[in-house]
Structures are given as C-alpha cells and as structure tokens.
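Here is a short briefing on a predicted model. It takes the sheet, then the domains, then the core.

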Amino acid sequence: MKAFVLHGNWLPRPGYAPDERERVTRKAAIASQVWHAPRLIMEGHTDPSPKADEVIVRVKTCGVCGSDVHCVRPDSAGYVRFSGPARLPVILGHEFSGEVVAKGDAVTTLNVGDAVVAEGMLWCGLCEPCRRGTPNQCVNLEMVGFSSPGAFAEFIPVRDRYCWSLEPLLASGRVSREEAFALGALLEPAGCAYNGLFVGHQRFRPGVRVGVFGVGPIGLATVALARAAGASKVVAIDPVIERGALARRMGAHVSLSLDELIRSGESPVEALRDLSNGGFDIHVEAAGAADETIALMERTLAPNGRIVYLGRTGATSALQLDTLVSGASELAGSRGHAGHGIYPNLIRMTAAGVIDLSVMVTQTFRFPEVEQALEAAGDRRQGKVMVTQP
Ligand SMILES: [Zn+2]
Ligand SMILES: [Zn+2]
C-alpha cells in the first residue's frame with residue numbers, strides 16, 4: 001500500500017535532555033524538543049494484516065490537522081512544531097474513518113463491511129488514570145499518526161476497542177455513505193471540543209455565554225456544540241475574517257477580530273463585556289496563543305466562570321489570578337477525545353441533525369494528494385481540509 005511517512009532526525013535541542021524512557025522508546029514526550037529536519041515521504045508498505053483484536057480499516061477519509069502541518073513544517077531552528085509525543089518514522093494522519101476489510105479472530109463487535117471511525121488516543125486501560133476513568137491522561141498513551149501508524153495510507157490496523165461504528169449515522173437516512181465517512185473523520189477534532197466543553201466539570205448549563213478564541217476546526221466544533229447544548233450567546237474571536245464567517249455559519253451569534261476592534265479604537269475588554277452582558281461563563285482557548293488570549297479571557301470571565309485551555313503550544317501567559325479568586329472561577333486544561341461517551345454521543349447528535357460538522361470542510365483532496373492537502377491546510381483562511389479515497 002501507499003503510505004505517507006514522516007521522517008526526522010533525533011537531535012535534542014541544546015539544553016533539553018531526554019529522560020531514559022524517551023531514549024529507550026525513542027518516543028519524544030515533546031516532539032518539538034527532539035525531532036529535527038522533518039520530511040514527508042510517500043513509501044510503498046506491505047498491506048497490514050490483523051492481530052487477534054484488530055480490524056483492518058480501508059481509509060476512506062482522513063482530515064488534515066494543524067498538528068500534521070506542525071509536524072511537516074519545521075520552525076526556524078529546523079525542529080517540528082508539534083509539542084505532543086512522537087516516535088519517528090511514523091505514518092502521519094489521525095482524523096480518519098473507513099471501512100472494515102478484515103478482522104482478527106477475537107473481534108466480535110465489528111464485521112467486514114462496517115463503516116467505522118476510531119479514537120486516535122490509544123489508551124492502555126491498565127494504568128491508574130485509565131482505571132480512574134480518564135483515558136486521555138493515560139500514562140502509556142500512544143497517538144495515532146504521531147507515535148503509532150496513522151491514516152494517510154490506504155489501510156490502517158486498529159484495535160477493536162478504539163473503534164466506533166458509523167452504522168447509527170447511516171441508519172438515520174440523513175447522509176450518504178460518503179458523507180458519513182467525511183463526518184466520521186471530523187469526530188476527532190469535534191471530540192476534543194466536546195471533551196473541553198462538557199467533560200469533567202459542572203459549569204456548562206443551558207443558557208451559558210461562551211467565548212471561543214480561535215475558530216480553526218476545534219474552535220468551530222466548539223461553536224456548534226455550545227450552540228446545540230443551549231448556550232445563549234456564542235462569540236467567536238479570530239483575526240481571520242473567513243474563519244469568523246464559518247463560525248457564524250456553525251452557530252456563533254457574533255464573530256469578531258481583536259485587531260479590528262483595536263484599530264477602530266474600541267477596547268476588547270469593553271466589547272466582550274458588552275457582548276456577554278457582564279462576562280462569559282465559559283471561555284475556550286482554541287487558538288494556541290495563550291500569551292495574547294488568556295489575560296483577556298480572565299478579564300471578561302463571569303463569576304463562577306471557566307477558562308478551558310485546548311491550545312497546544314509552548315506559549316506562557318501572565319495571569320492576575322485575582323479574578324479567579326473573587327469569582328471562584330477556574331482555569332483548566334483539556335486533552336483528547338477518548339472515553340466519556342464522546343464519540344457515540346457525537347455520532348448520535350450528527351445522526352439526529354443536532355450538529356452539522358460538514359459545514360467546516362472547505363477543501364477536499366483525493367489520495368494520494370496528501371502534500372497538496374497539507375499545503376492547503378497551512379492557509380489559515382481554510383476550515384477543515386480533507387483527503388478522501390474511493
Ligand atoms: Zn487532530
Ligand atoms: Zn493507561
């Protein structure tokens with residue numbers, strides 16, 4: 001089969017000493033500290049065959065993630081910009097759906113021909129966070145397309161425990177099989193949004209006011225989910241006009257650009273307080289620009305509010321913290337999309353027509369045009385860029 005493999009050199013940055021576990025496993029905990037001179041190469045690989053608990057999925061759709069672009073396009077020092085774990089070489093791509101074409105002897109819940117989507121966070125199920133019920137914090141986590149073979153390939157082997165059937169979506173009669181695969185591939189970024197908005201806290205209630213900073217795919221999914229869950233005000237904040245327009249199509253009441261506010265002499269703090277009638281109950285950071293966003297979020301947070309940090313960069317931020325004390329508010333990180341009923345709930349919401357994630361797709365390429373798709377996805381005016389296979 002054809003597969004797009006990310007190669008790089010193990011060259012820890014000056015001042016960064018990989019620990020023993022990293023050296024032994026060759027899995028960098030923070031890829032951007034270690035992997036140098038990345039290059040993406042199309043290779044011919046043997047078709048995979050299933051282990052007992054695996055299915056082989058013929059990939060139908062694989063979305064291009066900002067993290068994929070961050071892996072392929074190095075920073076000025078030549079290092080990958082992705083800050084999650086990675087073991088190279090690896091087949092890139094983690095936002096996928098497809099059709100089961102073979103299964104191992106121990107697989108009982110899936111059949112050949114089934115349309116499936118799979119979690120990309122490969123939790124172990126045995127470590128303490130997993131057994132506590134928080135698989136996204138698994139200490140033995142592997143990530144599809146970064147430390148485990150990904151889906152910019154014709155086939156991918158997946159353990160049955162990570163798969164979710166798309167049959168409920170097909171049974172709704174609402175979408176074609178091809179559309180179901182496209183929607184399935186969007187569940188990974190949408191799952192990250194769902195996890196941040198709803199999992200692990202009690203702050204999201206119908207009627208809340210939600211600010212979404214950064215409306216790339218995860219921010220766009222946040223907008224759609226907040227609206228579907230009964231937010232009374234959803235404000236999208238992004239410097240890119242095209243993305244603001246997409247956010248409005250996905251349910252944002254208002255979109256605005258901080259740069260434009262400042263240029264027109266308006267104070268961002270005042271504008272956001274006015275729009276939210278006193279402050280936001282939930283702010284979501286999906287921009288990866290904490291140095292520019294977090295302080296503003298803190299100043300426009302309502303009492304008992306929550307800042308959800310989804311951005312995946314090394315940015316730091318100065319906080320007053322007083323607001324958090326006085327308002328009994330909180331700042332919380334969130335990672336991943338596994339467990340907590342996230343995938344099946346998203347599938348049901350999509351099947352019921354409560355959310356339509358397909359609105360965010362702005363361009364679709366045919367495999368093997370992966371290089372072109374990555375190039376397109378690097379343009380910040382895009383929503384989600386997809387790669388499909390017949
Ligand atoms: Zn992703
Ligand atoms: Zn675990």
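An open sheet is built from three strands in the order S2-S1-S4, with antiparallel pairing. Strand S2 (35-44) and strand S4 (90-91) are at its edges. Each has a single partner strand, so one side of each has no neighbour in the sheet.

**Strand pairing**
- Strands of a sheet pair through backbone hydrogen bonds, in parallel or antiparallel fashion.
- Strand S1 (residues 2-10) is joined to S2 by eight bridges, and the two run antiparallel.
- In this pairing, His7 sits opposite Arg39 in S2.

**Two domains**
- The chain splits into domain 1 (2-189 + 337-388) and domain 2 (200-333).
- Taken over C-alpha atoms, the centres of domain 1 and domain 2 are 27 Å apart.
- Contacts link 14 residues of domain 1 with 16 residues of domain 2.
- On the domain 1 side that touches domain 2, seven residues are nonpolar, four are polar and three are charged.

**Nonpolar core**
- In soluble globular proteins, nonpolar side chains tend to be buried together.
- The largest nonpolar core here has 115 residues.
- Phe152, Val212 and Val223 have the most contacts inside this core.
- Helix H7 (residues 217-228) contributes the most to the core, with seven residues.
- Domain 1 and domain 2 both give residues to this core, so the core lies between them.

**Around Phe152**
- Leaving out residues up to four places away in sequence, Phe152 touches Ala3, Phe4, Cys62, Ile91, Leu92, Gly93, Val370 and Val387.

Terms used: Residues are numbered from 1 along each chain as its sequence is written. Chains are lettered from A and ligands numbered from 1 in the order in which they are written. This is a predicted model: local features need pLDDT of at least 70, side-chain atom pairs count only at pLDDT 80 or more; totals for chains, interfaces and linings use all residues. Domain bounds come from an automatic or database domain assignment. Two residues are in contact if their C-beta atoms, placed from the backbone, lie within 7 Å. Ala, Val, Leu, Ile, Met, Phe, Trp, Tyr, Cys and Pro count as nonpolar, Asp, Glu, Lys and Arg as charged, and the others, Gly among them, as polar. A nonpolar core is a set of buried Ala, Val, Leu, Ile, Met, Phe, Trp, Tyr and Cys residues joined through C-beta atoms within 7 Å. A residue is buried if 20 or more other C-beta atoms lie within 10 Å of its own, exposed if 12 or fewer, and partly exposed in between; C-beta atoms are placed from the backbone. Helices (H or I, at least four residues) and strands (E, at least two) are DSSP runs, numbered from the N terminus. Two strands pair if DSSP finds at least two bridges between them.
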